[in-house]
Amino acid sequence: MNAVIQCLSNTAPLVEYVLSCNFETSENRDKGQVTVTFADLLAKMRFEEKQFVSPEAFLTAFGYIHPPFRRRDQQDAHEFLIYTLDSLHEELVTMGKASRRKALVAQGSSSNCTDSNLSESSIITRLLQGVLRHEIVCLKCGSTREKKEVFNVLSLPIPSGNQPSIQECLQSYFEQVTLTWTEKMFCSFCKRKQDTAKEVCIIKPPRIIIFHFKRFEYQRNIKRKLRANITFPLKNLDLSPFFSPSEEKHPQYNLYAVVNHYGDVEYGHYTAYCKNTATKQWHAYDDMKCSEIAEAAVQTSSAYILFYTNQAFGLTKTFTSSS
Ligand SMILES: [Zn+2]
C-alpha cells in the first residue's frame, strides 16, 4: 500500500489540489476521513524533512470504510488503488456539495475547492477519468449499438510470448472480438441472441492514464502469477491507434510512476519507482527506504501498475494550506 501512496504523492496536480483545500471545518472532517487523512499525509511528506512518514492515520481511516483492508498484509495494490481513488472522489464530491450549500447560505463566499456547475466531478475525475466506447454489432442483421464506460485504471491482459510490449497488451485489450456460442448477445431487432462483434475505443483520453497488468490469473482454480517481462516506453507512449477515429488530438504519454510486484501470489512485496517533478530524477521507494535510480533501471519484469501523463507536471508552487 505504501507503493501506491508513493505513486499518488508523486502525482503533482493531485497533491497540489489536495494541499490547497482547506479541510479544517468539522463537518468536512466527518464526511471525508479518507481525504482529510490523505491530505495530512501528503502535507507531512512534503513539509517534514523525515525520509519516512507513517501512513498509519490514513490507513486506519481507509480500513474503517473498507473493512477488508484492515488486515494490512497481502492486499492487492491494484484493488487498493481503485478503492482509494473511489473514496477520494466520493468524499470530495460530498464535501464540495456541503461547502457549496454553506457558501450559498453565507451568500457570496466561495472556495476554490468547489465547482458550482460540475457537482459530480472531482479532481480525480478531472485528472484520471477517461471514457471508452463499446460498439456492439449484431452479425445477423447488422444493427449497431453503443455503450459508454468511464474508467480510472485500464487492466491490460498479457499476451503470451517472452517479452510482450505494452502496445501488444493494448492491442489485445482493444482488439475486436466476436462473441459466439454461449457468449452470443441479445439483439433487440432480431429479438434473440445472435453472434455479435464487439469493439472498444477511447473517446475521451484522460490527462493521466493508469495501466494495470493482469499478472494474476486463475488456472484450474489455482491463482498464479504471470512473470512476462513487458517492455514499455518511458517517453512518448502513443495511444492514437486506440482512439476513436473522430478524436482529433493524439496526445503522447510520458511515464512518471510505477508500482512493482516481487515474489509470488502468496508472498509478494511491492515497491514504487517515481520521477520527481522538480529534479526529474527517478527514485526507488521500498517501504522506509528511498534511493535514486537510473532511468534505464525503471523498466523491469516486476512492473505491475504504470502511471503516465500527457502533460508535463508544472513545477510545484510553495504550498500553503490556505492559498
Ligand atoms: Zn440483430
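## Exercises on helix packing

α2 and α4 pack with their axes 9 Å apart and at an angle of about 110°, where axes are lines fitted to C-alpha atoms, for helices over the stretch in contact, and angles run from 0 to 180 degrees between N-to-C directions. The model is a predicted one, in which local features need pLDDT of at least 70 and side-chain atom pairs count only at pLDDT 80 or more, while totals for chains, interfaces and linings use all residues. Residues are numbered from 1 along each chain as its sequence is written.

**Exercise 1.** Classify the packing of α2 and α4, and state which residues make the contact.

*Solution.* Angles under 35 degrees count as roughly parallel, over 145 as roughly antiparallel, 65 to 115 as roughly perpendicular and the rest as oblique. α2 and α4 are therefore roughly perpendicular to each other. On the α2 side the contact is made by Val-15, Val-18 and Leu-19, and on the α4 side by Phe-38, Ala-39, Leu-42, Ala-43 and Arg-46, two residues being in contact if their C-beta atoms, placed from the backbone, lie within 7 Å. These residues divide into seven nonpolar, no polar and one charged, given that Ala, Val, Leu, Ile, Met, Phe, Trp, Tyr, Cys and Pro count as nonpolar, Asp, Glu, Lys and Arg as charged, and the others, Gly among them, as polar.

**Exercise 2.** Identify the buried residues of α2 and explain why they line one face of the helix.

*Solution.* Helices (H or I, at least four residues) and strands (E, at least two) are DSSP runs, numbered from the N terminus. A residue is buried if 20 or more other C-beta atoms lie within 10 Å of its own, exposed if 12 or fewer, and partly exposed in between, with C-beta atoms placed from the backbone. In α2, which covers residues 12-20, the buried residues are Leu-14, Val-15 and Val-18. They line one face of the helix because, seen down the axis of α2, they fall within an arc of 95°, taken over the directions from the helix axis to the C-beta atoms. The partners against which they pack are α1 (2-9), α4 (33-47) and α7 (123-128).

**Exercise 3.** Describe how α4 packs against α6.

*Solution.* The axes of α4 and α6 (residues 77-106) lie 8 Å apart, at an angle of about 105°, and the two helices are therefore roughly perpendicular to each other. Val-34, Thr-35 and Phe-38 of α4 meet Ser-87, Leu-88, Glu-91 and Leu-92 of α6 in this contact, whose residues divide into four nonpolar, two polar and one charged.
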